[in-house]
Amino acid sequence: MSEFDYDNDAMDDAPYSGGNKPPMAYRFRGFLPVVVDVETGGFNSATDALLEIAATPILMDDDGQVYPDQTHFFRVEPFEGANVEQAALEFTGIKLDHPLRMAVSENHALTEIFKHVRKAVKSAGCKRAVLVGHNAFFDLGFLNAAVERTEIKRNPFHPFSCFDTATLGGLAYGQTVLAKACSAADIEFDGREAHSARYDTEKTAELFCTIVNRWRDMGGWPLV
């Protein structure tokens, strides 16, 4: 079974032909790309805390050019019993006891983000969201673990398929590090802002859109 065969509601592999649905509905077989980045207390999604999460849906104009939608971002309270490695806090710069951190529960963060994503999916004429991330398996793993902990039933994301900008950056620019791929794509990147879920999500979204639009301009889509 291939990745996208999982969802029987996905659209046929038909190129955009000016039908009655928005153009994004035809671009990825009815899947809406949504860029997600998480900052965490370690590498183990089952035991380590989710500390920040941000999500940016990708939209498409009438000319077939993709662009980032509004970003939704939350600082997240570690779940009960969660592990938080000091090295992870030093790497991200997150201060759990900062008075202005204003963190929310995992349930609240995911509920609000999923509401935003479902609205974008419906507006784009799509059937489901597919996660876009830089080393996307990491973000998808933590997202799925948080969904399981909170027992949220209406998860708009495909459970295991994803688009990885590390791979796409390597293909398009020969760079797999986010900052270097952005530099190669002429996207401004401030290393001092990196490792914030909001900043990394928005830069990953810019990179993804640049690569997808470049591929289109080279004649890669729609197929003729």
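Q: Hi! Which residue forms a salt bridge with K203?
A: In this predicted model, K203 pairs with E206, and their closest N and O atoms are 3.1 Å apart.

Q: How many residues separate K203 and E206 in helix α7?
A: They are three residues apart in helix α7, so about one helical turn lies between them.

Q: Is K203 buried or exposed?
A: K203 counts as buried, because its relative accessibility is 11% and the cut-off for buried is under 20%. E206 is partly exposed at 30%.

Q: How many salt bridges are there by this rule?
A: The count comes to four. One of them joins R149 and E106, at 2.5 Å from N to O.

Q: What about the accessibility of E106?
A: E106 is buried at 7%, whereas R149 is partly exposed at 27%.

Q: Switching topic: which residues does the UniProt "binding site" annotation cover?
A: The unreviewed UniProt entry lists D37, E39, H195 and D200. They span 164 residues in sequence, yet no two of their C-alpha atoms are more than 9.7 Å apart, so they gather at one spot.

Q: Nice. Where is E39 placed?
A: E39 sits in strand β1, residues 31–40, and is buried at 7% relative accessibility. Beyond its sequence neighbours within four places, its contacts include H195 and D200.

Q: And where does D200 lie?
A: D200 is in helix α7, which covers residues 197–217, and is buried at 8%. Leaving aside neighbours within four places in sequence, D200 contacts D37, E39, L178, F189, A194 and H195.

Methods: Residues are numbered from 1 along each chain as its sequence is written. This is a predicted model: local features need pLDDT of at least 70, side-chain atom pairs count only at pLDDT 80 or more; totals for chains, interfaces and linings use all residues. Side-chain values use heavy atoms; hydrogens and water are left out. UniProt positions are given in the numbering used here, feature names are shortened, and annotations may be inferred rather than shown by experiment. Helices (H or I, at least four residues) and strands (E, at least two) are DSSP runs, numbered from the N terminus. Buried means under 20% relative accessible area, exposed over 50%, partly exposed in between (1.4 Å probe, protein chains only). Contact means heavy atoms within 4.5 Å. A salt bridge is a side-chain nitrogen of Lys or Arg within 4 Å of a carboxyl oxygen of Asp or Glu.
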